[in-house]
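Subject: Structure handover

Hello,

Here is the structure we talked about passing on.

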Amino acid sequence: MKETKFKKLHEEKGAKMVEFAGFCMPIQYEGLVIEHQHVRSKVGVFDVSHMGEFTVKGMQALPLLQYITSNDVAALYPGKVQYSCFPNGKGGIVDDLLVYCMAENDYLLVVNAANIDKDWAWVVEQNKKFGAEINNISDEISQLAVQGPLALKAMQKLTGTTVEDMEYYTVKTLTFAGVPNVIFSTTGYTGSGGCEIYMKNEDAEKIWKAVFKAGAEFDIKPTGLAARDTLRLEMGFCLYGHEIDDSITPIEAGLAWITKFADHKDFIDKDRMLKMKEEGLIRKLIGFEMIDRGIPRQDYEVCDAEGNVIGSVRSGTQGPSINKAVGTAWIKTEFGKLDTEIFIKVRDKLLKAVVVKMPFYKG
């Protein structure tokens, strides 16, 4: 397994370590529910150094990104960040990603850990038509996600640049904890505010210690990937391999808002997705809440009242902030209207659930 630069520091804080996406990562410290609620109310720190980072620069950077991503990169300007995906040319998604506009003709792509090699191969192949300056810097970068309502206030103590009032989905390059050229963004994956801090590997331990020292008065705590997953699911955020994968289009996944059909933008699978949007969907991603007692899990069958299979669960959990069992599912479109009763097959029993609007958590 690969190790992040924070592994020793996780162990010192009592983390339970597991394999995730080929990395040795902390799954929890004090416990999932404690860590989840702490992020909702105060501030928690996640090691997300396993994520991948690619730089795309030069005059061909924008043409390349307009072609390989579904969102309109031309709408970005320096300091703004965009959520997007790579359509795969077959009606599915290579990966979802963040596109950071660092400067004119200078972009940073942040991709999922499990897909780094696949994504990089995809970008390299597509770039043969464009010739942008691309570089995979994933192995050079460490990243912390400091999340929670007190996160920005705590991190403001470590920089002379104003960050406490940064808008959602923005980015700055600044000196942080005495380290120059740190990338500081506010994209979040928890629904409780906060920031991401990108640093060179050699600065990782120094910044970790500074973050916890600065956050001490705010009761800052390290947080594991288990809580990260329950936090994101309460918000209805997609996770690759669950709500989205190489078989579902952004339109089916409820990501039409990051799929832009502007005349000035030609992108992979544009015609296929436009046709799907105009003709309607056969299946769609929905959120549901359990009525009967039970926890839904990925790949559990979703049925109608007669027991006919109409879809499958993509994610499920008992939401600590909402005290309800909730989940997402791909189901036939005709069963996807709000308040529709559906049934989740759990150990050969059909448990009643109802289609609800996401996000499940409204903080």
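Below are notes on the nonpolar cores and the aromatic rings.

The model is predicted: local features need pLDDT of at least 70, side-chain atom pairs count only at pLDDT 80 or more, and totals for chains, interfaces and linings use all residues. Numbering runs from 1 along each chain as its sequence is written, and side-chain values use heavy atoms, without hydrogens and water.

**Cores.** A nonpolar core is a set of buried Ala, Val, Leu, Ile, Met, Phe, Trp, Tyr and Cys residues joined through side-chain atoms within 4.5 Å. Buried means under 20% relative accessible area (1.4 Å probe, protein chains only). The largest core has 33 residues. Among those touching the most other members are Phe176, Ile197 and Ile207. Helix α6 (204-214) is one of the elements that supply at least two residues. Its share, 7 residues, is the largest. Another core, of 30 residues, lies apart and includes Leu231 and Trp330.

**Rings.** Rings of Phe, Tyr and Trp (its six-membered ring) pair if their centres lie within 6.5 Å; planes under 30 degrees apart are stacked, over 60 edge-to-face, the rest tilted. The count is 10 aromatic pairs. Tyr67 and Phe130 are tilted, because their planes stand at 40°, with centres 5.7 Å apart. Tyr168 and Tyr169 are edge-to-face, at 4.8 Å and 80°. Tyr169 is buried, at 18% relative accessibility. Phe6, Trp208 and Phe212 form one aromatic cluster.

**Charges over rings.** This needs NZ of Lys or CZ of Arg within 6 Å of the ring centre and within 35 degrees of the ring normal. Lys13 sits over Phe212, 4.4 Å from the ring centre. Arg314 sits over Trp330, at 4.2 Å.

Best wishes

Conventions. Buried < 20%, exposed > 50% of the residue type's maximum accessible area, 1.4 Å probe, protein only. Helix = DSSP H or I, 4+ residues; strand = E, 2+ residues; numbered from the N terminus.
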